[in-house]
Amino acid sequence: MTSRRRDGHPAHAGEALRFRYDGRDYEGRAGDTLAAALLANGVRVVTRSAGLDRPRGVYAAWTEEPNALVQIEKPFPEPMLQATTVELYDGLVATGLRGRGRLADRPDPARYDACHAHCDVLVVGAGPAGLAAASAAAASGARVILADDRPAAGGSLPDTGETVDGVPGARWAAGVLAELAERPEARVLTCTSVFGHYDDNYLVAVERRGEAAASRERIWRIRARRVVLATGAHERPIAFAGNDLPGVMLAGAARAYANRYGVLAGRRAVVFTANDSAYEAARDLAAAGIEIAAVIDARTTVPARLEPGAFPGHVFAGPVLPGHVVTGVGAGPDGSVASVTVSAFSGSGLSGSGLSGEREIEADLLLVSGGWNPVVHLFSQSGGALRFDDGLGAFLPGVSVQPVEAVGAARGVFTLAGCLEDGAAAGARAAEAAGFPAPQRPVPTVIPATVAAGRTAATPPVTPPATPSATPSATLSATPPATPPMALWLVPADDYGTHFVDLQREVTVADVMRATGSGLRSVEHVKRYTTAGTAHDQGKLSGVLTSAIVAHATGVEIGDLGTTTFRAPYVPVSFAALAGRDRGALHDPVRVTSLHSWHVAHGALFENVGQWKRPWYYPRPGEDMDTAVLRECAAVRDGAGAMDASTLGKIDVQGPDAGEFLDRLYTNMMSTLKVGAVRYGVMCRADGMVFDDGTVMRLADDRFLATTTTGNAAAVLDWMEEWLQTEWPSLRVSLTSVTEHWATVALAGPRSREVLAGLAPGLAVDAASFPFMTWRDAEVAGLAARVCRISFSGELAYEINVTAWDGLALWEAVMGTGAVTPYGTETMHVLRAEKGYPIIGQDTDGTVTPADLGMDWIVSKKKADFVGRRSFSRPDTSRPDRKHLVGLLPDDPGLRLPEGAQIVAVSPLPEPPVRALGHVTSSYRSAALGRTFALALVAGGRDRIGERLYVPLGPPGDDPVPVTVTGPVLYDPEGARRDG
Amino acid sequence: MLLIPCPWCGPRDEAEFHYGGQAHVAYPDDPAALSDEEWARYLFFRDNPKGRFAERWSHAAGCRRWFTLTRDTSTNTFTNTSAAPEVTA
Amino acid sequence: MAERVSPLAGFEPVSAEGLRIAEVPFLTQVNLRADPESPAAAALGDALGVPLPAEPGTWARGDADVLWLGPDEWLVVGPPGGAAELESRLRKAAGEARVGVTDVSAQRTTVLVGGSRSRDLLAHGCALDLHPRMFGPGRCAQTSLARAQVVLAAREGGEFAVLVRSSFAAYLWAWLLDAAAEYL
């Protein structure tokens, strides 16, 4: 394999790196991208296209690459990366990617993280304009962040080899970074792609930090007072026949490979252009040793200033052909460019009739420059409007809606001097607007240098000061351009079948015309119909081209047609980076109680309840879940059990109007509660649907403690605050969450009284002294405690509250009695279901009223109003056929119905549609009943008690399972067990 | 990520707030006196304008205070921040 | 009888060049609600040895630290073991006036994050601008750190008190240690 590296280019001083591509071993240099290294090794066909199986080569030199997708195999599998952005490293193993990539088959061991950052001025892009802006802004003392997606600053300077302040552009850029590094309030983020621009100047970026860093990639969430977008411009392609073949490349990309990487993308090139910048590329490539076989300029006037003769010492090998276009590409044996067909071109229109004088030119490289598209993605995402500039033939930033400004090439300023001036002014302006007046400083100058790094001594200066370069600047240049660019989007032809618009999606001009031919007019519709612009590159090269072709085909102005919407992310971002630290054990907070360590040590299995880990059951050796739960249930019904109930929400309600406040929120009366007493209550939304339930203790005349369900603790507090602050601000009440201040041990079972008596010798525990639904302060196990006599199982039961610090001591004391079996949430659920107590959120779903639950008794008839009351008389809530909570007993006492199963009235099932009467909400195996049972919401359920209904369970054709409807209370309906 | 101006804590990320919907929809003085239709209108009907919209927010992860502000729903710009007691005025 | 246990008992403090992370357990914490314009507020300030901070997002040190939580809400933080005394002192100071006083000592635990990298560490999970110009000593805020809600108070020397709900403490500790890996 012959090397395509330029002799003596400084880029080759880098360390030699070995890599493997498509099964072959190669050598590259540190600083290469994979694409540069492949080109240096003469690899022209990088992969093949997914649909048409056409060969694909390197088309661009950075993130706009549509073609050269690769799959990284080692060191860690990563699909669908652009060869043009993969930094080469030793031992890299990659393959060309055709179609979809392959995800790793193992967890990624790397760490990913995120950082928030705030600044006065964020500058996106460290090209000439961005560096000038950051430097000017930072000089004011403002907090400045400069983010750039490349490993080194300079933007296009290393690609073009231009000089600033008399030194090579790359060296000047490094100097600016060094200056910024000295400023304590400036931060430079290299290898960082700003990929989203959201409301209020919130921008998100991904920093690729590398394998050796503490995190491989980092997401930056940046809030900036002002944003300066120095995002540059993309050279744009021209659609012509065979424009997708390997060897067809953007002219600026070939220039970048030659100047930045010292790599020659071919030996003999035809340049196809409609603007002046390609001449500079051709000149550099000629200087680098690529033979320029011809310059095909679609314009009829060749820019005199840029004619070959204007470049001392360099004459293009072939002719400059004005008024010509490329009409075809001949492929060699490997499918890459071997010759280029050109024709004289006159007239316009979409047919090939204006073409004549066809000739074929031998070449292995076809360099294309259809002009430049400012990178307006972030500006557009920020809400800014775009406008079409006819002179440039490009969309430019228009009116912004956020404090954001585009500078340099990103707003159509295409001269180096113009970019430096534009950037410096914008940087100073942004800092001043953020409150940091910037000192007056000289703008960096573009001084001709006799020798520029990476270029031969004979290379002429690129852009003399005050002389416009190849393309006109939008506003800064007073001098008219030498030759205006021509907005050439496509080469007319009779067959558009290989005029590719989107090379990755293999969308051709013919496809776009098929879309417009079938009536589509919106470019958004054409995008979705053809998939143009939907690949990994999101249409960086194809988007505006698609608009132009739609405009052509439909006879409208492209400026009127507009573009498709620019959406984040600007570059592909890995899910791992977006997840950051929020994965594995840190994926979501795991909330634990103060007793958690005991549960773990005693083999509890845990149930997730919201973010809480609650003990589910405590299996003994050899027990499965059913066995353990039956044992735990029996222990509570026959002896005593204890459960960690610390997760219940607790809200301290204080103030003279606390009783009135609770009366307005609960369906029942709370203000009549006596100090020392406890009452169960239900809260509804204004629509009358049950929202939460719990107990309310009256601690003092002006103080209550309300408990909530575990999952609703925060929501109930928010709900209370909302009513208090927004509807009843005159009520003198304050609300404080004390959920985690307390640890709560539920002690239940006929023997719980004697257990409590043993632990709290000072507490009178007999039923008369300590009746049901009261609470007492007491010393329990030597700890200050508040004991409530409430029950969620129908058994004699207590809830003992101590501070969370004392929770473990209390629990260990309870367990230390030897008389108490720990039980988990599953047992709690079974016990409460046997009693027909609903779980809010399991047996209800936001469409269930207290009456539906058979809980009319909880709804006060005395109170004038409470939240939800009016809704109980709405026609819908008073319908007789609403779903009621009922019990279900399967005919087969060993069958446990699955929760969520539907309920029907007939068996066998008739032809659909079959009316579903409701569904199973809770279903268990009961030790006390010696059988299975369920709770269900069933239409008109209370009127169906005793009826036989059916639950379809098996595959189609199986008969549904028969069940009998019962009342919801299946155990101790008389309530005889409550007092032990 | 909107930057929402809490009247107490200053501008904070949207993620710290709960949205409370249209402002100035007061709980009726006497719900029992309302017809079913009037009650349904209170429960279920809200404006959804393109443009300026007075809405309620709660700084849920901060000072827990409710307040009202006006947002232009097409540009997400805020004006007229006011503290909660004005909500039902 | 077993000892009382703090939420981060058993977690080893971190002490490295530039970064210290340690729990300060069992601090007294009392939530205080009062009308800031009322005479009671002034009396409460006298009882605490420092006026109740009126400026949002600030805290002041008197006999205890008084953190602004809301326009009529403060968190009073003192040394361990003082909840009952503090609660009664505040109630006595308020007299007949309507104030809310709630012992929330065990509701949150306190993690001190100190050292030159403390701001860098917190910036991994806190969206607030923690720059010394914006959030210097004397500032406090209720906000989110990682996926937990916290009360954050800036002290002298780049030290932060992070008050976190007890049930989230172990999660937040694990998160802090993971984020700190870069600085240890």
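A:Pro908 is placed in the loop between strand S45 (902–903) and strand S46 (918–926) of chain A, where helices (H or I, at least four residues) and strands (E, at least two) are DSSP runs numbered from the N terminus. The peptide bond that leads from A:Ser907 to A:Pro908 is cis, with omega near -5°. This is a predicted model, in which local features need pLDDT of at least 70 and side-chain atom pairs count only at pLDDT 80 or more, while totals for chains, interfaces and linings use all residues. Residues are numbered from 1 along each chain as its sequence is written, chains are lettered from A and ligands numbered from 1 in the order in which they are written, and side-chain values use heavy atoms, with hydrogens and water left out.

**Backbone features**

- Most residues other than glycine have a negative phi, and most peptide bonds are trans.
- A cis peptide bond also runs from A:Lys74 to A:Pro75, with omega near 10°; A:Pro75 lies in the loop between strand S5 (69–74) and strand S6 (78–82) of chain A.
- A:Cys191 is not a glycine, yet has a positive phi of about 50°. A:Cys191 belongs to the loop between strand S12 (186–189) and strand S13 (192–198) of chain A.
- A:Cys191 counts as buried at 16% relative accessibility (buried means under 20% relative accessible area, exposed over 50%, and partly exposed in between, with a 1.4 Å probe and protein chains only).
- In chain B, B:Arg64 has a positive phi near 65°. B:Arg64 is in the loop between strand S4 (52–58) and strand S5 (66–72) of chain B, and counts as buried at 14% relative accessibility.

**Nonpolar cores of chain A**

- A nonpolar core is a set of buried Ala, Val, Leu, Ile, Met, Phe, Trp, Tyr and Cys residues joined through side-chain atoms within 4.5 Å.
- The largest nonpolar core has 82 residues, of which A:Leu34, A:Phe240, A:Tyr257, A:Phe272 and A:Leu366 touch the most other members.
- A second, separate core has 36 residues, including A:Leu180, A:Val413, A:Leu420 and A:Ala424.

**Helices of chain A**

- Helix H2 (residues 128–138) and helix H4 (residues 169–181) of chain A pack at an angle of about 25°, with their axes 10 Å apart. H2(A) is therefore roughly parallel to H4(A) (angles under 35 degrees count as roughly parallel, over 145 as roughly antiparallel, 65 to 115 as roughly perpendicular and the rest as oblique).
- Helix H16 (residues 658–665) of chain A is mostly covered, as six of its eight residues are buried. The buried residues of H16(A) include A:Phe661, A:Leu662 and A:Leu665.

**Two serines of chain A**

- A:Ser752 is in helix H18 (residues 752–759) of chain A and counts as buried, at 0% relative accessibility. A polar atom of the side chain of A:Ser752 lies 3.2 Å from the backbone oxygen of A:Leu796.
- A:Ser878 lies in the loop between helix H20 (825–834) and strand S44 (883–890) of chain A and is partly exposed, with a relative accessible area of 46%. The side chain of A:Ser878 reaches the backbone oxygen of A:Arg874 at 2.8 Å.
- A:Ser878 and A:Asp852 are 26 residues apart in sequence and, C-alpha to C-alpha, 9.5 Å apart in space.

**Chain B**

- Chain B has one helix and six strands, which follow the pattern β-β-β-α-β-β-β along the sequence.
- Of the 89 residues of chain B, 49% count as buried.

Conventions. Polar contact = N/O pair within 3.5 Å; in protein donor to acceptor, adjacent residues only side chain to side chain. Axes fitted to C-alpha atoms, helices over the stretch in contact; angles between N-to-C directions.
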